[in-house]
Amino acid sequence: MIYDTQILSDNDDNIIKAAKTLNDGEIVGIPTETVYGLAADATNEEAVKKIFIAKGRPQDNPLIIHIADISDIEKYAYDIPPLAYKMAEEFWPGPLTMVLPKKDIIPLTTSGGLDTVGIRFPSHKTAQKIIKACGVALAAPSANLSGKPSPTSAMHVFDDMKGKIPAIVDGGRCSVGVESTVVSFENDTVRILRPGYISEEDIKKITENVITDKGVLNKITDSEIIRSPGMKYKHYSPKANVIILEGSIEKFCDYVNEHYAEKTYGMIFDKDKEKCSFPYLTYGNTSEEHASLIFDRLREFDKIGAQTVYVHSPEKNGVGLAVYNRLLRAAGFEVIIL
Ligand code: TXA
Ligand code: MG
């Protein structure tokens, strides 16, 4: 089926309209504070299947579900450790997804065949209103085509999903810009499966027992345990060959000048503009700014037909680690230390 995809402003009438479409088993693009999601009723297998088709997503890559009240966690998960409640009180609503044992109400189609489900309570008011109006959790992966950079505006969703979905609710630009932090629990330990705005340092305020999974910064080999299916897929890859360069801006410029070829670009900090004589895009100065701009810039490189993109590495602490993790995947783990 080919849809005449509508971009709806997020007024109350359109929120009701979007909720009705979702309750009818259709899928809708919705804003969240991290990235736009491609939403469906998480309990409706047929609806959820449409998400996998629209994205071209492998069926074993589980979807996370979105709720709009902490107590709803018990509708969809069981054996919830006390630590999970502590985390929820501290970080929800917000960019944190917790992987917990799933109840049967969540079909295996949603969980990619796993007996666990990732749950998140987003802070975006429009997302909350849509979930509440639906009266059921919404499964929503990022609303990009599988393998493309995540969408941080309604236009990005339109670029990828035009004709494939009936509607996108426009809630403005996403404030965080990178996807949520995904964690699982092992006894008293929190394991970070995907870094996000909520950092290891933030979680340490709740518990000292936090580990960042090896898959966050390393390519997982076939013989290793894959704790989150998302780790094994190539992600966020623009058409260009992305290479991360670590070192001073002076060394960065020297390297790019030496290796300059047609359709080569740099991605640099705003403050370093004057130092570069080759074409570039900037991605802010702070890690927060990098997070909010990174996917927009990776999409922009596609539009301008970049063939090679040298990225000046962000810091690797706080949300900077999330930015670095996305860039590593965009670069297929190609990093050059200068
Ligand atoms: O911020 C976000 O999390 C956005 C917005 C829309 O909420 N959603 C999002 O969903 O990024 P998605 O599907 O693009 O990424 C979810 C990641 C995937 O890498 C998936 O493999 C992992 O979380 N994941 C989901 N459920 C899991 C589970 N039960 N166990 C382990 N990993 C899981
Ligand atoms: Mg995604």
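1. How far is an oxygen atom of ligand 1 from an N or O atom in the side chain of R57? The separation is 2.9 Å. This falls under the term polar contact (a pair of N or O atoms within 3.5 Å; within protein, one must be able to donate a hydrogen and the other to accept it, and residues adjacent in sequence count only if both atoms are side-chain atoms).

2. On provenance: this is a predicted model, in which local features need pLDDT of at least 70 and side-chain atom pairs count only at pLDDT 80 or more, while totals for chains, interfaces and linings use all residues. Residues are numbered from 1 along each chain as its sequence is written, chains are lettered from A and ligands numbered from 1 in the order in which they are written, and side-chain values use heavy atoms, with hydrogens and water left out.

3. Two further side chains contact the ligand. H66 has a side-chain N or O atom 2.6 Å from an oxygen atom of ligand 1. For R194, a polar side-chain atom is 2.9 Å from an oxygen atom of ligand 1. On its own, ligand 1 has 680 Å² of accessible area, and the protein covers 96% of that (Shrake-Rupley method, 1.4 Å probe).

4. Ligand 1 is located in the largest pocket. A pocket here is an open set of points on a 1 Å grid over the protein atoms alone, where a 1.4 Å probe fits, with protein on both sides within 12 Å along at least five of seven lines. A molecule sits in a pocket if more than half of its atoms lie within 2 Å of its grid points.

5. The shell around ligand 1 has 25 residues, with T34, N61, H66, S180 and G230 the closest; a residue is near if one of its heavy atoms lies within 4 Å. By class, the shell holds ten nonpolar, ten polar and five charged residues, where Ala, Val, Leu, Ile, Met, Phe, Trp, Tyr, Cys and Pro count as nonpolar, Asp, Glu, Lys and Arg as charged, and the others, Gly among them, as polar. β6 gives the most to this shell, four residues. Strands are DSSP runs of E, at least two residues, and helices are runs of H or I, at least four.

6. The sheet is open, with eleven strands in mixed pairing and the order β1-β8-β2-β3-β7-β4-β6-β5-β9-β10-β11. β1 (6-9) and β11 (210-212) are at the edges with a single partner strand each, so one side of each has no neighbour in the sheet. Strands pair if DSSP finds at least two bridges between them.

7. Around β8, the pairing is parallel: β1 joins β8 over four bridges, and β2 (residues 28-30) joins β8 (residues 167-170) over two. L8 has V169 as its bridge partner, and G29 has I168.

8. β5 runs parallel to β9 (residues 181-186) over three bridges, including the one between L96 and T181. With β6, β5 pairs in the antiparallel sense over five bridges, and P101 is opposite T116.

9. Two backbone features deserve a check. The peptide bond between W92 and P93 is cis, with omega about -5°, and P93 is in the loop between α4 (82-91) and β5 (96-101). D79, in the loop between α3 (73-76) and α4, has a positive phi near 50°. Most residues other than glycine have a negative phi, and most peptide bonds are trans.

Key: On a 1 Å grid over the protein atoms alone, a cavity is a set of points where a 1.4 Å probe fits but cannot get out, and a pocket is an open set with protein on both sides within 12 Å along at least five of seven lines; lining residues have an atom within 4 Å of a point.
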